[in-house]
Amino acid sequence: MLFLMFTHIAEIFLWSFGLMGMGIVPDLDQGLVFCGATYTTTTISYATEPLPLGWKLIAVFIALSVHLQFCLEYLSDA
């Protein structure tokens, strides 16, 4: 169970590094806040504020990635 928790945290960091590497977010702190909020699907509308124009839809893809990961975890337990 602890391993699964770390995979979710790792995915948030991967999204953050990816967005920072592409210049979509200016630093890791803002990337972690954005990706963490979007990954938990709690504040998608708020979390899109730091994104430049044309990148607002990335929040939906990050939110969908968590659902796909949960499905894979469920299937691996079955």
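Predicted model: local features only at pLDDT ≥ 70, side-chain atom pairs only at ≥ 80, totals over all residues.
Two of the helices named here have stated limits: helix 1 covers residues 2-21, and helix 4 covers residues 58-77.

## Overall architecture

The protein contains four helices and zero strands. Read from the N terminus, the order of its elements is α-α-α-α.

Of the 78 residues of the protein, 32% count as buried. The accessible surface comes to about 5,200 Å², and carbon and sulfur atoms account for 75% of that surface. Among the contacts in the protein with a separation of 6 or more, 50% are between residues 24 or more positions apart.

## Helix 2

Helix 2 consists of 12 residues, numbered 28-39. From its first C-alpha to its last, helix 2 reaches 15 Å, which is close to the 16 Å expected at 1.5 Å a residue.

Which residues of helix 2 are buried? They are G31, F34, C35, G36, A37, T38 and Y39.

## Helix 1 and its residues

The structure holds one aromatic pair. This pair is formed by F13 and F17, whose ring centres are 6.2 Å apart and whose planes stand at 40° to each other, so the pair is classed as tilted, a class that lies between the cut-offs of 30 and 60 degrees. Why are F13 and F17 separated by about one helical turn? The reason is that they are four residues apart in helix 1. Both residues are partly exposed: F13 has a relative accessible area of 33%, and F17 has a relative accessibility of 44%.

E11 is also placed in helix 1. Is E11 buried or exposed? E11 counts as buried because its relative accessibility is 16%, and the cut-off for a buried residue is under 20%. When residues up to four places away in sequence are not counted, E11 touches Y39, S65 and Q69.

I9 counts as partly exposed, at 36% relative accessibility. I9 and G36 are 27 residues apart along the chain, and their C-alpha atoms are separated by 8.5 Å.

Where is W55 placed? W55 lies in the loop between helix 3, residues 44-47, and helix 4. With a relative accessibility of 34%, W55 counts as partly exposed.

Leaving aside residues up to four places away in sequence, W55 touches M22 and I24. W55 and I24 are 31 residues apart along the chain, while the separation of their C-alpha atoms is 7.7 Å.

Notes. Residues numbered from 1 in each chain as written. Heavy atoms only, no water. Buried < 20%, exposed > 50% of the residue type's maximum accessible area, 1.4 Å probe, protein only. Contact = heavy atoms within 4.5 Å. Areas by Shrake-Rupley, 256 points an atom, 1.4 Å probe, with all protein chains shown as cover. Phe/Tyr/Trp six-rings, centres within 6.5 Å; stacked < 30°, edge-to-face > 60°. Expected span 1.5 Å × (residues − 1).
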